[in-house]
Amino acid sequence: MVGQFALWFGYVLNWFAFRRNRYCFIRFFFPVGYKIIHNNRIILFFAYFYIRLAFLSGLMLRLPMLKYLLFDLDNTLYSCRCGLEDNVARRMREFAGALLGLTPQEAWRQRMAAVQQYGTCLEWLMGDKGFTDVETYLAAVHPPDEADSLLPDRELRAFLSGISLPMAILTNSPREHADLVLGKLGLGDIFTHVFDIRQCSFMGKPRKEVFDNALRVLGVCAPEVLFIDDNPRYTQGFIALGGNALLFDENNIHTNYASHKIRELRELTKYI
Ligand SMILES: [Mg+2]
């Protein structure tokens, strides 16, 4: 009787541990303990084992709970298959090519050669090419009709509305683009904040300053946030700051990605 009570106490403790620490692996031990419930000695051992793991997994270590979800916008809140972001990238190549007197392909080759130093095309043009006419660039890359292919996503709205954690957007696009896309998707009122490319003097993810600014405004620290983005450089950038991140890999193209990833936003429920 005492053994069974201890075992169930261990189960419950570990369930809470799992809820608080999504990387906890204790769940896998549940069926093992359950099958040998008739042997009191083994039950006591497993009860001790579960309780120890609960301590180790963070329940008693006061690991911070998640307080915010931070979403990327493009190719994360809508499918990459709609082509919106491809068209944005094409306009970036064309703008950079025209600015530098190069073909769009050559301009992009140069931009990608500097991708580790400059997270966005705009940062590269400003930092490496002396470009200053930022608003002209943003207007050319984000024309008013750029999101015409998007339709309201009622399923996503219902899913996000059911999440109890507050949510914000962190995008490398300008605010007007974010407002346009969120309006088209019918998600305009879901997010508490939209952090755009203007928030940090046109610096973008994965710069530390950009993440730090969002965390400061939200009033949370990195371990209290789960960041979801389709770009592995950005998710790894946030993980490097001590945050939690999920790569949204809709088509499973990042097969060597070493950290956690999802292929549907609904999979978020496993992590929050
Ligand atoms: Mg994206």
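Author: First, a term. A nonpolar core here is a set of buried Ala, Val, Leu, Ile, Met, Phe, Trp, Tyr and Cys residues joined through C-beta atoms within 7 Å. Buried means 20 or more other C-beta atoms within 10 Å of a residue's own, exposed means 12 or fewer, and partly exposed is in between; C-beta atoms are placed from the backbone. This is a predicted model: local features need pLDDT of at least 70, side-chain atom pairs count only at pLDDT 80 or more, and totals for chains, interfaces and linings use all residues. Residues are numbered from 1 along each chain as its sequence is written.

Reader: Fine. How many helices and strands in the protein chain?

Author: Eleven helices and six strands. Helices (H or I, at least four residues) and strands (E, at least two) are DSSP runs, numbered from the N terminus.

Reader: And what order do the six strands take in the sheet?

Author: β3-β2-β1-β4-β5-β6, in an open sheet with parallel pairing. Strands pair if DSSP finds at least two bridges between them. The edge strands, β3 (193-195) and β6 (261-262), each pair on one side only.

Reader: How many bridges join β1 to β2?

Author: Three. Leu70 stands opposite Ala168 in β2.

Reader: On to the largest nonpolar core. Which residues have the most contacts inside it?

Author: Leu70, Ile169 and Ala214, in a core of 35 residues. At least two residues each come from β1 (68-71), β2 (167-170), α9 (175-185), α10 (208-218), β4 (225-229), α11 (232-240) and β5 (244-248). The largest share, five residues, is from α9.

Reader: What does Leu70 touch?

Author: Ala168, Leu170, Ala214, Val225 and Phe227, leaving out residues up to four places away in sequence. Contact means C-beta atoms, placed from the backbone, within 7 Å. Another core lies apart from the largest one; it has eleven residues, among them Ala96, Leu122, Tyr137 and Ile197.

Reader: Tell me about α10. Which strands does it lie across?

Author: β1, β2, β3 and β4, and α10 runs at about 160° to β3. Axes are lines fitted to C-alpha atoms, for helices over the stretch in contact, and angles run from 0 to 180 degrees between N-to-C directions.

Reader: Which residues of α10 are buried?

Author: Val210, Phe211, Ala214 and Leu215. Down the axis of α10 they fall within an arc of 130°, so they line one face of the helix. That arc is of the directions from the helix axis to the C-beta atoms. The cover over these buried residues includes β1, β2, β3, β4 and α11.

Reader: What is exposed on the other side of α10?

Author: Glu209 and Arg216. After α10 comes Gly219, with a positive phi near 75°.

Reader: Why does Phe202 count as partly exposed?

Author: Because it has 19 C-beta neighbours inside 10 Å.

Reader: And Asn252, where is that?

Author: In the loop between β5 and β6. Asn252 is not a glycine either, yet its phi is positive, about 55°. Asn252 counts as exposed because it has 9 C-beta neighbours inside 10 Å.

Reader: Last one. What percentage of the 272 residues is buried?

Author: Buried residues make up 32%.

Key:
Contact = placed C-beta atoms within 7 Å.
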